[in-house]
Amino acid sequence: MEALATLRAKDYKSALNPVWCPGCGHFAVLSAMTKALAYLQLPKEQVAVVSGIGCSSRVPAYLDSYGFHGIHGRALPIASGLKAARPDLTVLVTGGDGDGFSIGGNHFLHACRRNMDLTYIVMDNEVYGMTKGQASPTTQPDWAASKLTPHGTGVPRFLPAAIALAAGASFIARGFSGDPNDLTRLLVDAITHPGFSFVQVLSPCQTFRPEQKDWKHRVHPCRLGPTDDPAHAAELIQRDDGMALGLLYAQQLPTWQPKPGAPTTLAEIEAEFLLYFNPPTTPSARRSPAGG
Ligand SMILES: Cc1ncc(C[n+]2csc(CCOP(=O)(O)OP(=O)(O)O)c2C)c(N)n1
Ligand code: SF4
């Protein structure tokens, strides 16, 4: 029997070159993703990457797996539908802090508590990069560089790890694009964790947040974690300065599974939603017996 060829990180890259600005942190995140996939030797046709909209959400185009470049803030519901229909696939979800925590914030909360076996990688640069530098939910309240918020937003920051924990996520980690080896290891752990894995990746925006160059001096390993105790995790995440890297919390919780016998093929799913096989033609016949 012919031995299967080993897949290398570059085998997971598509022929498209990223259009990101030179020095953008997202390059290293893409590279760590390909290394993690190669480490796990996942067949390319068994991997699907779903994203929203933003510079970070362009990732599916740069990978040679299945992918779906969705709509702003809707990557998680699209990925959840895909995972429900094809539980055999490894489904990764990518996006930015604007995409995932602002317009997509509601979906983030419910994906955490539903605990489907998805890996959600958020490239957090504390700004809307693609739309030219507006404040995002993770932007500091006094950041006044955007013309839209000349005095800062004045609004406290969204704390992704704390909110993921409160919403019921079973795996929470923080990586840094400037530390690609540790990031690769975190992604391997996240992909192999059964359930919803949330990885916040600090990924600087060179263009609209050039001051983030100093992140390489500010990040540090998480000294208190990881833990599987939610109370301990809450304490360590709340005390955290937002720059602690590594696995923060992991817990084995029941994952969402499709019910046995649930429809899986498109024809079966369509049949579930079919209201009338022989639609009534007259308005009175269309009314329900209660007249509703
Ligand atoms: C419904 C909708 N609203 C707004 C936009 C405009 N829009 C595109 S990307 C984006 C923000 C992206 O920021 P982020 O998710 O942080 O990613 P980054 O570009 O920083 O990687 C916005 C507001 C849109 N495409 N669709
Ligand atoms: S605008 Fe910022 S996030 Fe977008 S590609 Fe450029 S550096 Fe990266």
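Q: Which element gives the largest share of the shell around ligand 1?
A: In this predicted model, the largest share of the shell around ligand 1 comes from helix α4 (residues 97–103), which contributes four residues. The shell has 17 residues, and the closest are Cys55, Ser56, Gly98, Asp99 and Gly129. By class, the shell around ligand 1 divides into six nonpolar, nine polar and two charged residues.

Q: Which residues are around ligand 2, and how do they divide by class?
A: The residues around ligand 2 include Trp20, Cys21, Cys24, His26 and Cys55, and among the others are Asn125, Gly129, Cys205 and Phe208. Six residues of this shell are nonpolar and five are polar, with no charged residue.

Q: Why is the pair of Trp20 and Tyr62 called edge-to-face?
A: The structure holds 10 aromatic pairs. In the pair of Trp20 and Tyr62, the ring centres are 5.1 Å apart and the planes stand at 85°; rings pair if their centres lie within 6.5 Å, and planes over 60 degrees apart count as edge-to-face, so this pair is edge-to-face. The pair links distant parts of the chain, since Trp20 is in the segment before α1 (26–40) and Tyr62 is in helix α2 (residues 59–62), 42 residues apart.

Q: How do you know whether Trp20 and Tyr62 are buried or exposed?
A: Trp20 has a relative accessible area of 7% and Tyr62 one of 4%; buried means under 20%, so both Trp20 and Tyr62 are buried.

Q: Why is the pair of Phe101 and Phe158 called stacked?
A: The ring centres of Phe101 and Phe158 are 4.9 Å apart and their planes lie at 20°; planes under 30 degrees apart count as stacked, so the pair is stacked. Because Phe101 lies in helix α4 and Phe158 in the loop between β4 (118–124) and α6 (160–167), the pair ties together parts that are 57 residues apart in sequence.

Q: What makes β2 and β7 edge strands?
A: Eight strands form an open sheet with mixed pairing, in the order β2-β1-β3-β4-β6-β5-β8-β7, and β2 (66–69) and β7 (220–221) each pair on one side only.

Q: How do you know that β7 pairs with β8?
A: Two strands pair if there are at least two bridges between them, and two bridges join β7 to strand β8 (residues 244–250), so β7 and β8 pair, and they run parallel. The bridge partner of His220 in β8 is Ala244.

Q: Why is Thr6 called exposed?
A: Thr6, in the segment before α1, has a relative accessible area of 60%; exposed means over 50%, so Thr6 is exposed. Thr6 and Pro43 are 37 residues apart in sequence and 10.0 Å apart in space, C-alpha to C-alpha.

Conventions:
Residues are numbered from 1 along each chain as its sequence is written. Chains are lettered from A and ligands numbered from 1 in the order in which they are written. This is a predicted model: local features need pLDDT of at least 70, side-chain atom pairs count only at pLDDT 80 or more; totals for chains, interfaces and linings use all residues. Side-chain values use heavy atoms; hydrogens and water are left out. A residue is near a molecule or strand if one of its heavy atoms lies within 4 Å of it. Ala, Val, Leu, Ile, Met, Phe, Trp, Tyr, Cys and Pro count as nonpolar, Asp, Glu, Lys and Arg as charged, and the others, Gly among them, as polar. Rings of Phe, Tyr and Trp (its six-membered ring) pair if their centres lie within 6.5 Å; planes under 30 degrees apart count as stacked, over 60 as edge-to-face and the rest as tilted. Buried means under 20% relative accessible area, exposed over 50%, partly exposed in between (1.4 Å probe, protein chains only).
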